[in-house]
Amino acid sequence: ARYLQGWVHVHQRAWTEALACFDGITGYDDNFTDFRAESVTLALALTYHGLGRRAEAVRAALDTMLRNDQALEAWAVLFECSEAGAEPDAEIAASIAPERLVPLAARLGGLAPSLRDRLFEAVWQ
């Protein structure tokens with residue numbers, strides 16, 4: 001119930017309340033609702049980003065991407081929180097398995113063009 005209430009707070013942009021709900025939830029795999037563990041880390045990434053806690057948002061976004069590199073919202077948080085520059089972008093690009101590039105490119109079509117272009121440039125490099 002705390003997990004679902006936390007998502008309500010995320011959608012309301014009530015970041016402090018969302019964090020209170022997600023605090024202590026370390027895993028969540030529910031076949032009934034089809035929510036997975038990456039749903040918790042994604043929720044934390046969005047919440048930390050909303051609170052302006054950039055380092056924690058990046059860490060949670062990376063954790064989400066390790067579980068599901070197709071999580072578009074995690075990519076958005078990661079790019080919005082990272083400094084524009086070659087080093088962070090190169091690390092992000094290097095974390096993508098080659099066989100996942102085409103499906104990921106299709107998913108990233110929903111990102112802002114500047115963010116999408118940064119990733120594609122880093123992958124190319």
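## A buried tryptophan

W7 counts as buried, because its relative accessibility is 15% (buried means under 20% relative accessible area, exposed over 50%, partly exposed in between, with a 1.4 Å probe and protein chains only). This is a predicted model, where local features need pLDDT of at least 70, side-chain atom pairs count only at pLDDT 80 or more, and totals for chains, interfaces and linings use all residues. Residues are numbered from 1 along each chain as its sequence is written, and side-chain values use heavy atoms, leaving out hydrogens and water.

## Aromatic pairs

The whole structure holds two aromatic pairs. Rings of Phe, Tyr and Trp (its six-membered ring) pair if their centres lie within 6.5 Å; planes under 30 degrees apart are stacked, over 60 edge-to-face, and the rest tilted. Y3 and F22 have ring centres 6.2 Å apart and planes at 65°, so they are edge-to-face. Y3 sits in helix α1 (residues 2-11) and F22 in helix α2 (residues 15-22), 19 residues apart. Helices are DSSP runs (H or I, at least four residues), numbered from the N terminus. Y3 is buried at 2% relative accessibility. F22 is buried at 1%.

W7 and F22 form an edge-to-face pair because their planes stand at 75°, with centres 6.4 Å apart. This pair also links α1 to α2, across 15 residues. Ring pairs join Y3, W7 and F22 into a cluster.

## Around F22

What does F22 touch, beyond residues up to four places away in sequence? Its contacts (heavy atoms within 4.5 Å) are R2, Y3, G6, W7, V10, A43, L44 and T47.

## The nonpolar core

The largest nonpolar core has 34 residues. Such a core is a set of buried Ala, Val, Leu, Ile, Met, Phe, Trp, Tyr and Cys residues joined through side-chain atoms within 4.5 Å. W7, F22 and W75 touch the most other members. Two or more residues come from each of α1, α2, α3 (37-51), α4 (54-67), α5 and α8. Helix α5 gives the most, with eight residues.

In soluble globular proteins, nonpolar side chains tend to be buried together.

## Where α5 meets α8

The axes of α5 (residues 72-81) and α8 (residues 113-124) come within 10 Å and cross at roughly 85°. Axes are lines fitted to C-alpha atoms over the stretch in contact, with angles from 0 to 180 degrees between N-to-C directions. The two helices are therefore roughly perpendicular (65 to 115 degrees).

W75, F79 and E80 of α5 meet L115, R118 and L119 of α8. This contact has four nonpolar, no polar and two charged residues. Nonpolar covers Ala, Val, Leu, Ile, Met, Phe, Trp, Tyr, Cys and Pro; charged covers Asp, Glu, Lys and Arg; the others, Gly among them, are polar.

Terms used. Parallel < 35°, antiparallel > 145°, perpendicular 65-115°, else oblique.
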